[in-house]
Each structure stands twice: as C-alpha cells, then as structure tokens.
Amino acid sequence: MISKEYAKELASRIDMNRAGEYAPTEGIDAKEYRGCTSHFSVMDKYGNVFVQTQTIRNWWGCGVVIPGRGFIMNNTMADFSPKVGVRTTQGLAYGMANAVRPGKTPLSSMSPTIVLKDGEPVLAVGSAGGPRIITSTLQLIINTLDYGMMMDSAVKTPHMCCLIRDQGLELEEGFSPDTVELLEVRGHKIAGTTDFGVLLVMPNGIMKKDGQFFPGGTSRVDGGGGVLTKAGTAAIDGICFKF
C-alpha cells in the first residue's frame, strides 16, 4: 500500500481540473457519526516513538464496564458486515475483507503514522474523527513535509474532507472565497460545517527537528500538545502542572 507503483496507480485516477467519484459504490448517502475515539502521539529523547488511535466506536461502546477496571468495552463488531458495498453510519463502504467470518478484519479508518528520514523519526501523527481520520492524518503529513509548517500550525490549518462526491467536499472555515469558487468550478459540491465552522476531526502530532520536539494539539475539541520536564512537571499548551 505504500509502494510508489500503487501511489502512481491511484494518482492516475485524479483529474486536477474536475471533481471525480472514487468510492467503491454509488448512490448510498453517508451519514454524520459522532463516536468516541482518541489519539495520542509520543516521542522521547532516546528516539522512541509511540502513536495510538483507540476507540469504543459508538457512544458508550456496548455499554459494558469491566468490574474493578473502569473502562468500557467497544461495540466494534458493528464494523463487520455480511454484505459487500453497504455503507456504515460513518459513510465508509464494507468490502469482503470485513465479512463476518474468521480471518477477516473490522472496517477502520485508524491511521496512526510514524514518518522516518534516514532511519530517524521526524513525525508522529494521527487523529480521531471517524472517516475523517485518514484525510486529517494525510493533511498533517502534507502540511509539515511539503509545505514546511510547524506541527502546531499544521494541526490548526482548516481541514477538508471528501468521502463520496454526492456527500460533498467538507470545508472548515478559513478557505478563501476564490479557493471555494475554483473548487465549485471543478465540480465539487461544497458542504459547509455546522459546529462553529469546524469539523468533527481531532488531529495531533509531534515533529522532531534539529533535535527538538514540536507538539501540536487540535483546538477543535479538548486536547493539546505537551512535554514532561526534568523537574517532574508537565507543560501543556504553555501551562505548567506539578504532580
């Protein structure tokens, strides 16, 4: 999936002058989904990197709390389907890989990502937000590596997402009117946001540059970037906390 040949195959389907449809099925509307996913990215001075996206899927998962442990079991069996092409409430389409049978995998958009250069970690990124996880994580990588943004700016840059053409191209507030007009001319149906001009997407990440760490946390929901200090305190978004 990360080979240059596969990337070229996908890129060849893109018409830069006209919006296209790349969904595996047509005519099935995607629905808004508000779930319970979290993501965190961790780096340390020794070169260790850890990124994790975890979810209980729907609100309160399956509603079962493990006695004496305090965490909720998920209901991710809902990410399997007996029928190919059916869309989830998140707008994603099931395939044979998601069939209800042994050896199959649940449908998921989780994309915890570590980027290396010359064998050394430079980015630890990921997101929560259902199907927008994939586009959000990709935009973090593009914003930092291709456009030279620092992580905090990359996280807070207006997000765009398109799952299927009929659903429309979701744009957060911040895109210029002429950009929106150009997208419409190319056939995109612009879908605005309903919640304070932002989408339900929660990216975060850490960049390592010249031996220093630069975290970035989304301002769309609760969360932030922080560091553990030698003094045993935690500094999160400029505020220092003592344990």
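1. Basis. In this predicted model, local features need pLDDT of at least 70, side-chain atom pairs count only at pLDDT 80 or more, and totals for chains, interfaces and linings use all residues. Residues are numbered from 1 along each chain as its sequence is written, and side-chain values use heavy atoms, without hydrogens and water.

2. Cavities. There are two cavities of 30 Å³ or more. A cavity is a set of points, on a 1 Å grid over the protein atoms alone, where a 1.4 Å probe fits but cannot get out. Points are joined across faces, edges and corners, and volume is the space filled by probe spheres set on them. The second largest cavity holds about 70 Å³.

3. Lining of the second largest cavity. Lining residues have an atom within 4 Å of a point. Among them are Ser-136, Asn-143, His-159 and Arg-220. Helix 2 (132-146) and helix 3 (151-156) each give two or more residues. Helix 2 gives the most, with four. Helices are DSSP runs of H or I, at least four residues; strands are runs of E, at least two; both are numbered from the N terminus.

4. Asp-118. This residue sits in the loop between strand 3 (113-117) and strand 4 (120-128). Most residues other than glycine have a negative phi. Asp-118 counts as exposed because its relative accessibility is 75%; exposed means over 50% relative accessible area (1.4 Å probe, protein chains only).

5. Asp-210. The loop between strand 8 (202-209) and strand 9 (212-217) holds Asp-210. Phi is positive here too, about 55°. Asp-210 is exposed, at 76%.

Terms used
1 Å grid on protein atoms, 1.4 Å probe; cavity = no way out; pocket = protein on both sides within 12 Å on 5 of 7 lines; lining within 4 Å. Buried < 20%, exposed > 50% of the residue type's maximum accessible area, 1.4 Å probe, protein only.
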